[in-house]
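This report describes the fold of a protein chain and the surroundings of its ligand. Please keep the sequence and the structure in view while reading.

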Amino acid sequence: MEKQLSAIVVVARDNSIGKNGGLLCHLPADLKHFKTLTMSHSIIMGRHTFESFPKGALPGRQNIVITRQNDYQALGATVAHSPEEALEAVAMPGEVFVIGGEQIYRAMMPLVRVLHLTRIHADFPDADAHFPLVNPQQWRVVSKEAHKADERNPYDYDFVTLARL
Ligand SMILES: NC(=O)c1ccc[n+]([C@@H]2O[C@H](COP(=O)([O-])OP(=O)(O)OC[C@H]3O[C@@H](n4cnc5c(N)ncnc54)[C@H](OP(=O)(O)O)[C@@H]3O)[C@@H](O)[C@H]2O)c1
């Protein structure tokens with residue numbers, strides 16, 4: 001059966017997604033949202049993103065790590081050597097999530113049908129990783145949920161789901 005390929009990303013107003021190998025900011029509401037959506041599914045990521053996880057592979061999901069290194073080993077994860085090999089390695093049912101970072105979004109966005117965005121209402125001029133531009137004419141908004149900053153989440157943010165037309 002054909003699997004639905006989705007991408008999930010936290011993206012700022014200026015399209016930034018990361019700095020110094022990590023995320024832009026701590027947004028616990030987004031971490032919860034990410035966990036809810038991806039739990040029990042396969043998640044595909046680049047080697048840098050995998051190595052940025054403080055506790056290694058994310059539990060309850062098949063972690064698929066893409067690297068060009070033939071001898072790379074990733075504890076608790078499946079290693080793939082191309083986006084195509086990553087898709088072939090998918091072993092968990094339902095939606096498959098591309099979870100970054102920049103290189104892997106750029107390589108796999110052409111294949112992605114559904115985009116789960118967390119849009120942060122802020123700019124991060126010192127960011128060094130960015131999301132590829134999304135042409136709004138190629139996507140329709142499926143859902144949008146606006147949230148205000150609060151004591152735990154320092155910026156206003158929206159959860160937006162887009163589907164490719
Ligand atoms: N805001 C968000 O939602 C979000 C999500 C994820 C990550 N991020 C951020 O994004 C940044 C990391 O992004 P990044 O672009 O540096 O790294 P990345 O995409 O996570 O990983 C890059 C690595 O993936 C491998 N790779 C890339 N393309 C490949 C291909 N076609 N075939 C085989 N292997 C390939 C290479 O590994 P080897 O060098 O081992 O060959 C490459 O060095 C971090 O700041 C991270 O926090 C943000």
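## Overall architecture

The protein chain contains four helices and ten strands; helices (H or I, at least four residues) and strands (E, at least two) are DSSP runs, numbered from the N terminus. Read from the N terminus, the elements follow the order β-β-α-β-α-β-β-α-β-α-β-β-β-β.

This is a predicted model, in which local features need pLDDT of at least 70, side-chain atom pairs count only at pLDDT 80 or more, and totals for chains, interfaces and linings use all residues. Residues are numbered from 1 along each chain as its sequence is written.

## The sheet

Eight strands form an open sheet with mixed pairing, in the order β5-β4-β3-β6-β1-β7-β10-β9; two strands pair if DSSP finds at least two bridges between them. At the edges lie β5 (77-80) and β9 (139-147), each of which pairs on one side only. Strand β4 (residues 62-66) pairs with β5 in the parallel sense over four bridges, and I66 has A80 in β5 as its bridge partner.

## The ligand shell

Which residues are the closest to the ligand? They are G18, G46, H48, G100 and G101, among 29 residues that surround the ligand; a residue is near a molecule if its C-beta atom, placed from the backbone, lies within 6 Å of it.

The shell comprises twelve nonpolar, 14 polar and three charged residues. Here Ala, Val, Leu, Ile, Met, Phe, Trp, Tyr, Cys and Pro count as nonpolar, Asp, Glu, Lys and Arg as charged, and the others, Gly among them, as polar. Elements that each supply at least two residues of this shell include β1 (5-12), β3 (42-46) and α4 (102-108).
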